[in-house]
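Hello,

Here is the structure I promised to pass on to you. Have a look at it, and then read on for what turned up.

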Amino acid sequence: MKNQASIVGVGATPYYFRGTSAPQTVFELIDHAVLAAVADAGLKLSDIDGLAFFAGGFDPSMIMQQIGLDNLTFSHCVSGYGSGMAGMLDLAAMGVDSGRAKNIVCIGASQNVGKRYGQALGMLGLTPDGVFHAIAGLGGPGQAMALMVRRHMHRYGTRREAFGEIVMASRIAASTREGAIRRKPITLDDYMASPMLADPLCRLDFCLETDGALAFVVSSDERAADMPHPPVHITGAAHVGVRDWGRAFFWLNQSEDTFTTAGAGAVAKRLYELTGVGPQDIDVAMIYDHFSPMVLMQLEDYGFCGAGEGGPFVESGAIRLDGSLPINPHGGHLSEGYIVGMTHVREAVEQMRGTATNQIKGAKRALVTGGPAPVLMSGAILSNER
Amino acid sequence: MSTRSITPDLSAFEVPMDVWSEPYWHTAAEHRLVLPRCGACNTFRWPAGPFCPECRSQEVEWVAPGQGRIYSFTILPVAGPDKDAPPQVRIPALVTFEGAPGVRLVSALIDAAPEEVKIDALVEMDWLPAANATVPVFRLQNPPPV
Ligand SMILES: [Zn+2]
(Lines give C-alpha, C1' and ligand atoms only; values in the text may rest on other atoms or scores of the structure.)
Protein backbone atom coordinates (compact mmCIF):
# COMPACT_ATOMS: atom_id res chain seq x y z
CA MET A 1 0.00 0.00 0.00
CA LYS A 2 2.82 2.41 -0.86
CA ASN A 3 1.77 5.79 -2.13
CA GLN A 4 2.53 7.00 -5.65
CA ALA A 5 2.71 10.64 -4.69
CA SER A 6 5.46 13.14 -4.00
CA ILE A 7 5.99 16.56 -2.47
CA VAL A 8 7.04 18.79 -5.36
CA GLY A 9 6.80 22.29 -3.93
CA VAL A 10 7.36 23.99 -0.58
CA GLY A 11 6.37 27.47 0.55
CA ALA A 12 6.67 29.22 3.89
CA THR A 13 6.23 32.64 5.42
CA PRO A 14 8.90 33.93 7.78
CA TYR A 15 8.53 32.56 11.30
CA TYR A 16 7.25 35.29 13.62
CA PHE A 17 7.51 35.26 17.42
CA ARG A 18 3.97 34.81 18.73
CA GLY A 19 1.61 37.62 17.95
CA THR A 20 4.04 39.61 15.81
CA SER A 21 2.61 38.67 12.41
CA ALA A 22 -0.18 41.24 12.82
CA PRO A 23 -1.62 43.12 10.97
CA GLN A 24 -1.55 40.21 8.52
CA THR A 25 -4.45 37.83 9.03
CA VAL A 26 -3.87 34.09 9.20
CA PHE A 27 -5.34 33.88 5.68
CA GLU A 28 -2.80 36.36 4.35
CA LEU A 29 -0.05 34.18 5.85
CA ILE A 30 -1.58 31.12 4.19
CA ASP A 31 -1.89 32.95 0.85
CA HIS A 32 1.83 33.80 0.90
CA ALA A 33 2.78 30.19 1.68
CA VAL A 34 0.50 28.73 -1.01
CA LEU A 35 1.76 31.09 -3.71
CA ALA A 36 5.38 30.33 -2.77
CA ALA A 37 4.78 26.57 -2.80
CA VAL A 38 3.08 26.66 -6.19
CA ALA A 39 5.94 28.73 -7.64
CA ASP A 40 8.49 26.35 -6.10
CA ALA A 41 6.77 23.46 -7.88
CA GLY A 42 7.00 25.33 -11.19
CA LEU A 43 3.21 25.31 -11.46
CA LYS A 44 0.58 27.95 -12.13
CA LEU A 45 -2.16 28.59 -9.60
CA SER A 46 -4.61 27.25 -12.19
CA ASP A 47 -2.86 23.85 -11.93
CA ILE A 48 -3.98 23.53 -8.29
CA ASP A 49 -7.24 21.60 -7.90
CA GLY A 50 -7.06 20.28 -4.34
CA LEU A 51 -6.39 21.33 -0.73
CA ALA A 52 -5.56 19.20 2.31
CA PHE A 53 -5.60 20.25 5.96
CA PHE A 54 -5.41 19.02 9.57
CA ALA A 55 -6.64 20.47 12.86
CA GLY A 56 -9.99 21.58 11.47
CA GLY A 57 -8.33 23.28 8.53
CA PHE A 58 -8.99 26.72 7.09
CA ASP A 59 -11.98 27.87 5.06
CA PRO A 60 -11.14 26.98 1.42
CA SER A 61 -13.58 29.55 0.06
CA MET A 62 -11.60 32.35 1.70
CA ILE A 63 -8.33 31.11 0.21
CA MET A 64 -9.93 30.78 -3.25
CA GLN A 65 -11.34 34.28 -3.07
CA GLN A 66 -8.21 35.98 -1.80
CA ILE A 67 -5.61 34.50 -4.17
CA GLY A 68 -7.87 33.82 -7.13
CA LEU A 69 -7.88 30.03 -7.04
CA ASP A 70 -10.56 29.12 -9.57
CA ASN A 71 -11.46 25.44 -9.26
CA LEU A 72 -11.18 22.74 -6.61
CA THR A 73 -12.27 19.13 -6.90
CA PHE A 74 -10.82 18.12 -3.52
CA SER A 75 -10.65 19.81 -0.11
CA HIS A 76 -10.41 17.59 2.95
CA CYS A 77 -9.14 17.60 6.48
CA VAL A 78 -7.66 14.83 8.65
CA SER A 79 -8.60 14.46 12.32
CA GLY A 80 -6.15 15.30 15.06
CA TYR A 81 -4.45 18.61 15.73
CA GLY A 82 -0.64 18.51 15.69
CA SER A 83 -1.12 14.80 16.33
CA GLY A 84 -2.74 14.34 12.90
CA MET A 85 -0.40 16.67 11.01
CA ALA A 86 1.58 13.99 9.16
CA GLY A 87 -1.70 12.28 8.23
CA MET A 88 -2.39 15.25 5.98
CA LEU A 89 0.34 13.93 3.67
CA ASP A 90 -1.48 10.59 3.49
CA LEU A 91 -4.71 12.42 2.65
CA ALA A 92 -3.02 14.38 -0.16
CA ALA A 93 -1.40 11.20 -1.50
CA MET A 94 -4.81 9.49 -1.49
CA GLY A 95 -6.25 12.44 -3.35
CA VAL A 96 -3.75 12.30 -6.20
CA ASP A 97 -3.46 8.48 -6.23
CA SER A 98 -7.21 8.17 -6.67
CA GLY A 99 -7.37 10.81 -9.37
CA ARG A 100 -9.63 13.10 -7.37
CA ALA A 101 -7.20 15.95 -7.96
CA LYS A 102 -3.92 16.41 -9.80
CA ASN A 103 -2.04 18.89 -7.63
CA ILE A 104 -3.04 19.18 -3.97
CA VAL A 105 -1.72 21.86 -1.64
CA CYS A 106 -1.29 20.84 2.02
CA ILE A 107 -1.75 23.82 4.32
CA GLY A 108 -0.93 24.49 7.97
CA ALA A 109 -0.67 27.75 9.85
CA SER A 110 -0.75 29.25 13.31
CA GLN A 111 -1.27 32.73 14.58
CA ASN A 112 -1.21 33.60 18.27
CA VAL A 113 -3.04 36.91 18.04
CA GLY A 114 -5.59 37.22 20.83
CA LYS A 115 -5.01 33.61 21.93
CA ARG A 116 -2.16 31.28 22.83
CA TYR A 117 -1.78 27.62 21.98
CA GLY A 118 0.09 27.08 25.24
CA GLN A 119 -3.09 27.81 27.16
CA ALA A 120 -5.25 25.49 25.09
CA LEU A 121 -6.59 23.63 28.11
CA GLY A 122 -8.30 26.73 29.46
CA MET A 123 -11.57 25.91 27.72
CA LEU A 124 -11.51 22.36 29.00
CA GLY A 125 -12.58 23.47 32.46
CA LEU A 126 -15.92 24.42 30.95
CA THR A 127 -16.85 20.80 30.17
CA PRO A 128 -18.07 18.12 32.60
CA ASP A 129 -15.18 15.84 31.57
CA GLY A 130 -12.50 18.52 31.75
CA VAL A 131 -13.44 20.26 34.97
CA PHE A 132 -10.90 18.30 37.04
CA HIS A 133 -8.00 19.70 35.03
CA ALA A 134 -9.24 23.17 35.92
CA ILE A 135 -9.60 22.30 39.63
CA ALA A 136 -6.12 20.76 39.63
CA GLY A 137 -4.67 23.85 37.94
CA LEU A 138 -3.59 22.22 34.65
CA GLY A 139 -3.98 25.10 32.22
CA GLY A 140 -1.82 23.97 29.28
CA PRO A 141 -0.71 20.76 27.58
CA GLY A 142 2.81 21.05 29.03
CA GLN A 143 1.50 21.13 32.58
CA ALA A 144 -0.53 17.97 32.00
CA MET A 145 2.29 16.21 30.14
CA ALA A 146 4.56 16.95 33.10
CA LEU A 147 2.60 14.22 34.93
CA MET A 148 3.56 11.70 32.23
CA VAL A 149 7.16 12.84 32.21
CA ARG A 150 7.52 12.51 35.97
CA ARG A 151 6.13 8.97 35.82
CA HIS A 152 8.64 8.11 33.06
CA MET A 153 11.45 9.41 35.29
CA HIS A 154 10.09 7.44 38.24
CA ARG A 155 9.71 4.21 36.28
CA TYR A 156 12.93 4.29 34.26
CA GLY A 157 15.29 6.64 36.08
CA THR A 158 15.25 9.13 33.21
CA ARG A 159 17.27 12.24 34.11
CA ARG A 160 16.71 15.92 33.43
CA GLU A 161 20.16 15.89 31.80
CA ALA A 162 18.55 13.99 28.91
CA PHE A 163 15.92 16.69 28.41
CA GLY A 164 18.70 19.28 28.57
CA GLU A 165 20.61 17.42 25.86
CA ILE A 166 17.55 17.57 23.59
CA VAL A 167 17.33 21.33 24.07
CA MET A 168 21.09 21.80 23.59
CA ALA A 169 21.12 19.73 20.38
CA SER A 170 18.16 21.71 19.08
CA ARG A 171 19.84 25.04 19.81
CA ILE A 172 23.12 24.00 18.13
CA ALA A 173 21.17 23.08 15.01
CA ALA A 174 19.24 26.36 15.04
CA SER A 175 22.40 28.43 15.51
CA THR A 176 23.16 28.16 11.79
CA ARG A 177 19.55 28.25 10.63
CA GLU A 178 18.54 31.57 9.13
CA GLY A 179 15.09 32.58 10.31
CA ALA A 180 15.14 30.40 13.44
CA ILE A 181 13.85 32.25 16.49
CA ARG A 182 16.15 30.92 19.26
CA ARG A 183 19.70 30.61 17.88
CA LYS A 184 22.00 31.09 20.89
CA PRO A 185 23.53 27.78 22.05
CA ILE A 186 23.02 26.89 25.71
CA THR A 187 25.00 24.83 28.20
CA LEU A 188 23.73 22.20 30.62
CA ASP A 189 24.22 24.79 33.37
CA ASP A 190 21.93 27.19 31.49
CA TYR A 191 19.38 24.42 31.22
CA MET A 192 19.54 23.52 34.90
CA ALA A 193 19.17 27.20 35.84
CA SER A 194 16.03 27.63 33.75
CA PRO A 195 13.00 28.25 35.99
CA MET A 196 10.59 25.38 36.55
CA LEU A 197 7.26 25.98 34.81
CA ALA A 198 5.73 22.56 35.47
CA ASP A 199 8.21 20.54 37.48
CA PRO A 200 9.97 18.48 36.06
CA LEU A 201 9.57 20.70 32.97
CA CYS A 202 11.50 23.97 32.96
CA ARG A 203 11.02 26.94 30.68
CA LEU A 204 13.54 25.61 28.16
CA ASP A 205 11.57 22.35 27.78
CA PHE A 206 8.62 24.29 26.33
CA CYS A 207 8.63 25.00 22.61
CA LEU A 208 8.14 28.34 20.99
CA GLU A 209 4.77 29.76 20.08
CA THR A 210 5.11 31.04 16.54
CA ASP A 211 3.03 32.74 13.85
CA GLY A 212 3.41 31.65 10.26
CA ALA A 213 2.11 29.42 7.48
CA LEU A 214 3.55 26.64 5.33
CA ALA A 215 2.26 24.88 2.25
CA PHE A 216 3.37 21.80 0.30
CA VAL A 217 2.29 20.82 -3.21
CA VAL A 218 1.65 17.08 -3.63
CA SER A 219 1.45 15.54 -7.12
CA SER A 220 1.63 12.09 -8.63
CA ASP A 221 5.11 10.60 -9.04
CA GLU A 222 4.54 10.65 -12.78
CA ARG A 223 3.96 14.41 -13.00
CA ALA A 224 6.61 15.04 -10.34
CA ALA A 225 9.29 13.75 -12.70
CA ASP A 226 8.85 16.84 -14.91
CA MET A 227 8.99 19.44 -12.14
CA PRO A 228 11.97 21.62 -11.24
CA HIS A 229 13.00 19.93 -7.98
CA PRO A 230 13.75 16.25 -7.47
CA PRO A 231 10.53 14.76 -6.09
CA VAL A 232 10.32 13.87 -2.42
CA HIS A 233 8.28 10.69 -2.31
CA ILE A 234 5.69 10.16 0.36
CA THR A 235 6.85 6.60 0.98
CA GLY A 236 4.11 6.18 3.52
CA ALA A 237 2.08 8.02 6.09
CA ALA A 238 0.10 6.47 8.92
CA HIS A 239 -2.81 8.01 10.77
CA VAL A 240 -3.77 5.87 13.76
CA GLY A 241 -5.98 6.03 16.82
CA VAL A 242 -5.81 3.64 19.77
CA ARG A 243 -8.19 4.03 22.68
CA ASP A 244 -5.61 3.46 25.40
CA TRP A 245 -3.86 6.70 24.34
CA GLY A 246 -7.16 8.29 23.37
CA ARG A 247 -7.51 11.84 24.60
CA ALA A 248 -3.87 11.90 25.74
CA PHE A 249 -3.15 14.60 28.33
CA PHE A 250 -6.85 15.54 28.44
CA TRP A 251 -7.56 12.10 29.91
CA LEU A 252 -4.59 10.85 31.99
CA ASN A 253 -6.18 7.41 32.51
CA GLN A 254 -3.94 5.41 30.14
CA SER A 255 -2.59 2.04 31.25
CA GLU A 256 0.84 2.27 32.90
CA ASP A 257 2.60 1.00 29.76
CA THR A 258 0.99 3.70 27.65
CA PHE A 259 1.11 6.52 30.21
CA THR A 260 4.91 6.45 30.13
CA THR A 261 5.07 6.79 26.32
CA ALA A 262 4.35 9.51 23.80
CA GLY A 263 1.43 7.47 22.46
CA ALA A 264 3.11 6.86 19.10
CA GLY A 265 3.81 3.11 19.30
CA ALA A 266 0.83 2.10 17.17
CA VAL A 267 1.63 4.75 14.54
CA ALA A 268 5.22 3.58 14.30
CA LYS A 269 4.16 -0.05 13.94
CA ARG A 270 1.72 0.74 11.16
CA LEU A 271 4.09 3.11 9.39
CA TYR A 272 6.87 0.53 9.34
CA GLU A 273 4.43 -2.17 8.15
CA LEU A 274 3.09 0.04 5.36
CA THR A 275 6.49 1.01 4.06
CA GLY A 276 8.64 -2.04 4.78
CA VAL A 277 11.06 0.37 6.43
CA GLY A 278 12.37 0.06 9.98
CA PRO A 279 14.04 2.43 12.43
CA GLN A 280 17.47 1.31 11.20
CA ASP A 281 16.59 2.67 7.73
CA ILE A 282 15.88 6.23 8.89
CA ASP A 283 18.75 8.65 8.15
CA VAL A 284 17.30 11.76 9.77
CA ALA A 285 14.22 12.21 11.97
CA MET A 286 12.00 15.21 12.44
CA ILE A 287 10.50 14.49 15.86
CA TYR A 288 7.62 16.68 17.05
CA ASP A 289 9.21 18.59 19.89
CA HIS A 290 6.54 20.67 21.57
CA PHE A 291 8.06 19.57 24.89
CA SER A 292 11.57 18.17 25.00
CA PRO A 293 10.83 15.02 27.06
CA MET A 294 8.26 14.00 24.44
CA VAL A 295 11.15 13.68 21.94
CA LEU A 296 12.80 11.08 24.11
CA MET A 297 9.54 9.19 24.56
CA GLN A 298 8.81 9.22 20.80
CA LEU A 299 12.30 7.84 20.08
CA GLU A 300 11.29 4.88 22.25
CA ASP A 301 7.89 4.55 20.55
CA TYR A 302 9.50 4.56 17.09
CA GLY A 303 11.96 1.86 18.10
CA PHE A 304 15.21 3.84 17.94
CA CYS A 305 15.81 2.49 21.43
CA GLY A 306 13.84 0.32 23.85
CA ALA A 307 11.07 1.49 26.20
CA GLY A 308 12.68 3.41 29.03
CA GLU A 309 16.05 3.69 27.23
CA GLY A 310 15.39 7.11 25.69
CA GLY A 311 17.38 8.91 28.39
CA PRO A 312 20.68 7.07 27.92
CA PHE A 313 20.16 7.04 24.13
CA VAL A 314 19.83 10.81 23.99
CA GLU A 315 22.60 11.43 26.52
CA SER A 316 24.99 9.37 24.35
CA GLY A 317 24.97 12.16 21.75
CA ALA A 318 23.03 10.04 19.24
CA ILE A 319 20.64 12.81 18.24
CA ARG A 320 23.24 15.47 17.44
CA LEU A 321 23.97 16.48 13.84
CA ASP A 322 26.92 14.08 13.79
CA GLY A 323 25.18 11.36 15.82
CA SER A 324 23.75 8.02 14.72
CA LEU A 325 20.25 9.50 14.43
CA PRO A 326 20.35 13.25 13.77
CA ILE A 327 17.04 14.78 14.78
CA ASN A 328 15.57 18.17 13.90
CA PRO A 329 18.59 19.65 12.07
CA HIS A 330 16.50 22.81 11.56
CA GLY A 331 16.22 23.40 15.31
CA GLY A 332 12.67 22.09 15.58
CA HIS A 333 9.84 23.55 17.60
CA LEU A 334 12.13 24.17 20.55
CA SER A 335 14.41 26.59 18.67
CA GLU A 336 13.37 27.30 15.08
CA GLY A 337 9.63 27.87 15.40
CA TYR A 338 6.38 26.06 16.18
CA ILE A 339 3.82 25.92 13.42
CA VAL A 340 2.12 22.73 14.53
CA GLY A 341 4.60 20.32 12.91
CA MET A 342 4.62 21.89 9.45
CA THR A 343 8.21 23.11 9.78
CA HIS A 344 9.29 19.49 10.27
CA VAL A 345 7.84 18.52 6.88
CA ARG A 346 9.68 21.43 5.26
CA GLU A 347 12.95 20.31 6.82
CA ALA A 348 12.36 16.72 5.67
CA VAL A 349 11.83 17.97 2.12
CA GLU A 350 14.99 20.08 2.25
CA GLN A 351 16.97 17.14 3.65
CA MET A 352 15.69 14.87 0.86
CA ARG A 353 16.44 17.50 -1.79
CA GLY A 354 19.94 17.87 -0.36
CA THR A 355 19.46 21.59 0.24
CA ALA A 356 19.03 21.73 4.03
CA THR A 357 20.94 24.25 6.14
CA ASN A 358 22.42 21.44 8.22
CA GLN A 359 22.38 18.83 5.50
CA ILE A 360 22.85 15.23 6.67
CA LYS A 361 25.16 13.83 4.00
CA GLY A 362 23.68 11.09 1.88
CA ALA A 363 20.34 11.10 3.71
CA LYS A 364 17.83 9.02 1.73
CA ARG A 365 14.98 8.61 4.17
CA ALA A 366 13.41 11.00 6.67
CA LEU A 367 10.86 10.36 9.40
CA VAL A 368 8.36 13.08 10.32
CA THR A 369 6.18 12.61 13.39
CA GLY A 370 2.92 14.23 14.39
CA GLY A 371 2.65 15.52 17.93
CA PRO A 372 1.89 13.49 21.05
CA ALA A 373 -1.66 14.69 21.63
CA PRO A 374 -5.22 13.28 21.36
CA VAL A 375 -5.71 10.72 18.59
CA LEU A 376 -5.49 10.37 15.73
CA MET A 377 -1.71 10.27 15.87
CA SER A 378 0.38 10.30 12.72
CA GLY A 379 3.80 9.84 11.17
CA ALA A 380 5.28 9.83 7.68
CA ILE A 381 8.37 8.60 5.90
CA LEU A 382 9.66 10.72 3.01
CA SER A 383 12.42 9.66 0.65
CA ASN A 384 14.35 10.83 -2.38
CA GLU A 385 14.26 7.25 -3.66
CA ARG A 386 11.16 5.45 -4.80
CA MET B 1 10.08 26.88 56.55
CA SER B 2 9.12 26.08 52.99
CA THR B 3 6.08 27.37 51.18
CA ARG B 4 3.23 24.90 51.26
CA SER B 5 1.08 24.34 48.17
CA ILE B 6 -1.82 26.73 47.80
CA THR B 7 -5.47 25.99 48.36
CA PRO B 8 -7.15 27.37 45.23
CA ASP B 9 -10.03 29.76 45.72
CA LEU B 10 -12.81 28.12 43.71
CA SER B 11 -15.68 30.00 45.35
CA ALA B 12 -16.65 31.67 42.06
CA PHE B 13 -15.97 28.58 39.92
CA GLU B 14 -19.03 27.12 38.21
CA VAL B 15 -18.72 23.35 37.89
CA PRO B 16 -20.19 22.18 34.57
CA MET B 17 -22.26 19.00 35.00
CA ASP B 18 -24.20 16.65 32.81
CA VAL B 19 -26.61 13.81 33.54
CA TRP B 20 -23.72 11.33 33.79
CA SER B 21 -21.57 13.34 36.20
CA GLU B 22 -24.36 14.70 38.45
CA PRO B 23 -24.37 11.71 40.84
CA TYR B 24 -20.69 12.36 41.50
CA TRP B 25 -21.40 15.96 42.50
CA HIS B 26 -24.45 15.06 44.61
CA THR B 27 -22.24 12.76 46.68
CA ALA B 28 -19.39 15.29 46.77
CA ALA B 29 -21.81 17.73 48.43
CA GLU B 30 -21.79 15.27 51.38
CA HIS B 31 -17.97 15.16 51.32
CA ARG B 32 -17.93 11.62 50.02
CA LEU B 33 -15.90 10.49 47.00
CA VAL B 34 -17.48 7.95 44.65
CA LEU B 35 -16.41 6.76 41.22
CA PRO B 36 -18.52 5.12 38.49
CA ARG B 37 -18.35 1.35 38.01
CA CYS B 38 -20.19 -0.50 35.27
CA GLY B 39 -23.32 -2.22 36.64
CA ALA B 40 -22.91 -5.09 34.18
CA CYS B 41 -19.18 -5.94 34.04
CA ASN B 42 -17.80 -4.05 37.10
CA THR B 43 -15.23 -2.08 35.11
CA PHE B 44 -14.48 1.38 36.49
CA ARG B 45 -14.46 4.22 33.99
CA TRP B 46 -13.42 7.85 34.20
CA PRO B 47 -14.66 10.37 33.44
CA ALA B 48 -18.29 9.40 33.89
CA GLY B 49 -19.95 8.90 30.51
CA PRO B 50 -22.97 7.34 28.85
CA PHE B 51 -21.52 3.88 28.16
CA CYS B 52 -19.14 1.33 29.64
CA PRO B 53 -16.42 1.28 26.97
CA GLU B 54 -15.76 -2.39 27.76
CA CYS B 55 -19.29 -3.81 27.44
CA ARG B 56 -21.46 -0.89 26.24
CA SER B 57 -23.83 -1.21 29.22
CA GLN B 58 -25.37 2.03 30.51
CA GLU B 59 -25.85 0.73 34.06
CA VAL B 60 -23.69 2.57 36.62
CA GLU B 61 -22.97 1.99 40.29
CA TRP B 62 -21.22 4.72 42.27
CA VAL B 63 -18.59 3.21 44.55
CA ALA B 64 -16.35 4.59 47.32
CA PRO B 65 -12.88 3.89 45.89
CA GLY B 66 -10.84 3.54 49.08
CA GLN B 67 -7.29 4.65 49.81
CA GLY B 68 -5.77 7.20 47.41
CA ARG B 69 -2.13 7.16 46.36
CA ILE B 70 -0.15 9.64 44.25
CA TYR B 71 0.57 8.24 40.78
CA SER B 72 2.24 11.40 39.49
CA PHE B 73 2.27 15.13 40.14
CA THR B 74 3.69 18.41 38.95
CA ILE B 75 4.59 21.61 40.77
CA LEU B 76 3.48 24.88 39.21
CA PRO B 77 4.72 28.32 40.26
CA VAL B 78 1.83 30.72 40.86
CA ALA B 79 1.86 34.45 41.42
CA GLY B 80 1.70 35.54 45.05
CA PRO B 81 -1.11 37.79 46.33
CA ASP B 82 1.04 40.87 45.65
CA LYS B 83 4.27 41.74 43.87
CA ASP B 84 6.52 41.43 46.91
CA ALA B 85 4.98 38.23 48.24
CA PRO B 86 7.16 35.12 48.03
CA PRO B 87 6.38 32.83 45.08
CA GLN B 88 3.79 30.16 45.74
CA VAL B 89 3.20 26.75 44.24
CA ARG B 90 0.16 24.81 43.14
CA ILE B 91 0.48 21.03 42.98
CA PRO B 92 -1.77 19.13 40.56
CA ALA B 93 -1.69 15.45 41.56
CA LEU B 94 -2.91 12.38 39.70
CA VAL B 95 -4.20 9.83 42.20
CA THR B 96 -5.09 6.14 41.99
CA PHE B 97 -7.41 4.38 44.44
CA GLU B 98 -7.02 0.98 45.99
CA GLY B 99 -10.64 0.03 45.31
CA ALA B 100 -10.99 1.43 41.78
CA PRO B 101 -8.46 -0.25 39.51
CA GLY B 102 -7.84 1.34 36.13
CA VAL B 103 -8.94 4.90 36.85
CA ARG B 104 -7.19 8.00 38.16
CA LEU B 105 -8.47 11.32 39.43
CA VAL B 106 -6.55 14.57 38.97
CA SER B 107 -7.01 17.45 41.39
CA ALA B 108 -5.05 19.90 43.52
CA LEU B 109 -2.89 18.59 46.36
CA ILE B 110 -3.29 21.29 49.00
CA ASP B 111 -1.23 22.38 51.99
CA ALA B 112 1.72 20.12 51.13
CA ALA B 113 5.42 20.93 51.43
CA PRO B 114 6.75 20.29 47.89
CA GLU B 115 9.75 18.31 49.18
CA GLU B 116 7.39 15.89 50.96
CA VAL B 117 5.37 15.10 47.84
CA LYS B 118 6.40 11.78 46.33
CA ILE B 119 4.97 9.25 43.92
CA ASP B 120 3.21 6.53 45.98
CA ALA B 121 2.55 8.88 48.91
CA LEU B 122 -0.88 8.24 50.45
CA VAL B 123 -3.50 10.98 50.29
CA GLU B 124 -6.83 11.72 51.89
CA MET B 125 -9.70 13.75 50.49
CA ASP B 126 -10.63 17.27 51.42
CA TRP B 127 -13.42 19.42 50.05
CA LEU B 128 -13.62 23.02 48.86
CA PRO B 129 -16.64 25.16 48.12
CA ALA B 130 -17.24 26.15 44.49
CA ALA B 131 -20.04 28.38 43.19
CA ASN B 132 -22.52 25.55 42.61
CA ALA B 133 -20.81 22.48 44.06
CA THR B 134 -18.32 21.05 46.52
CA VAL B 135 -15.09 19.96 44.82
CA PRO B 136 -12.60 17.28 45.88
CA VAL B 137 -8.95 18.05 46.54
CA PHE B 138 -6.18 15.97 48.11
CA ARG B 139 -4.04 16.28 51.24
CA LEU B 140 -1.04 14.18 52.14
CA GLN B 141 -2.22 11.64 54.69
CA ASN B 142 -1.10 13.04 57.97
CA PRO B 143 0.44 11.79 60.08
CA PRO B 144 1.99 9.20 57.76
CA PRO B 145 0.92 5.66 58.73
CA VAL B 146 3.45 3.78 60.92
ZN1 LIG C 1 -19.20 -2.84 31.39
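To start with chain A: what share of its contacts with a separation of 6 or more is between residues 24 or more positions apart? The share is 75%. Please keep in mind that this is a predicted model.

Chain A holds 14 helices and 12 strands. With a radius of gyration of 19 Å, close to the 21 Å from the globule rule for 386 residues, chain A is as compact as a globular protein of that length. Along the principal axes, its C-alpha atoms fill a box of roughly 55 × 45 × 40 Å. Of the 386 residues in chain A, 62% are buried. The accessible surface is about 13300 Å², and carbon and sulfur atoms contribute 53% of that. Chain A also carries 30 positive and 38 negative charges, whose mean positions are 2 Å apart.

Now for some backbone details. Most peptide bonds are trans, and most residues other than glycine have a negative phi. In chain A, the bond from Asp199(A) to Pro200(A) is cis, with omega near 15 degrees; Pro200(A) sits in the loop between strands E6 (196-198) and E7 (201-202). The bond from Val375(A) to Leu376(A) is cis too, with omega near 10 degrees, and Leu376(A) is in the loop between strands E11 (365-369) and E12 (377-383).

In chain B, His31(B) has a positive phi, near 60 degrees, and is partly exposed at 47% relative accessibility. Arg56(B) has a positive phi of about 70 degrees; this residue is exposed, at 54%, and lies in the loop between E1 and strand E2 (60-63) of chain B.

Best wishes

Methods:
Residues are numbered from 1 along each chain as its sequence is written. Chains are lettered from A and ligands numbered from 1 in the order in which they are written. This is a predicted model: local features need pLDDT of at least 70, side-chain atom pairs count only at pLDDT 80 or more; totals for chains, interfaces and linings use all residues. Side-chain values use heavy atoms; hydrogens and water are left out. Helices (H or I, at least four residues) and strands (E, at least two) are DSSP runs, numbered from the N terminus. The radius of gyration is taken over C-alpha atoms; the globule rule is 2.2 Å times the number of residues to the power 0.38. Buried means under 20% relative accessible area, exposed over 50%, partly exposed in between (1.4 Å probe, protein chains only). Contact means heavy atoms within 4.5 Å. Accessible areas come from the Shrake-Rupley method with a 1.4 Å probe; for residues, only the protein chains shown count as cover. Lys and Arg count as positive and Asp and Glu as negative; His and the chain ends are not counted. The place of a charge is taken as NZ of Lys, CZ of Arg, CG of Asp or CD of Glu.
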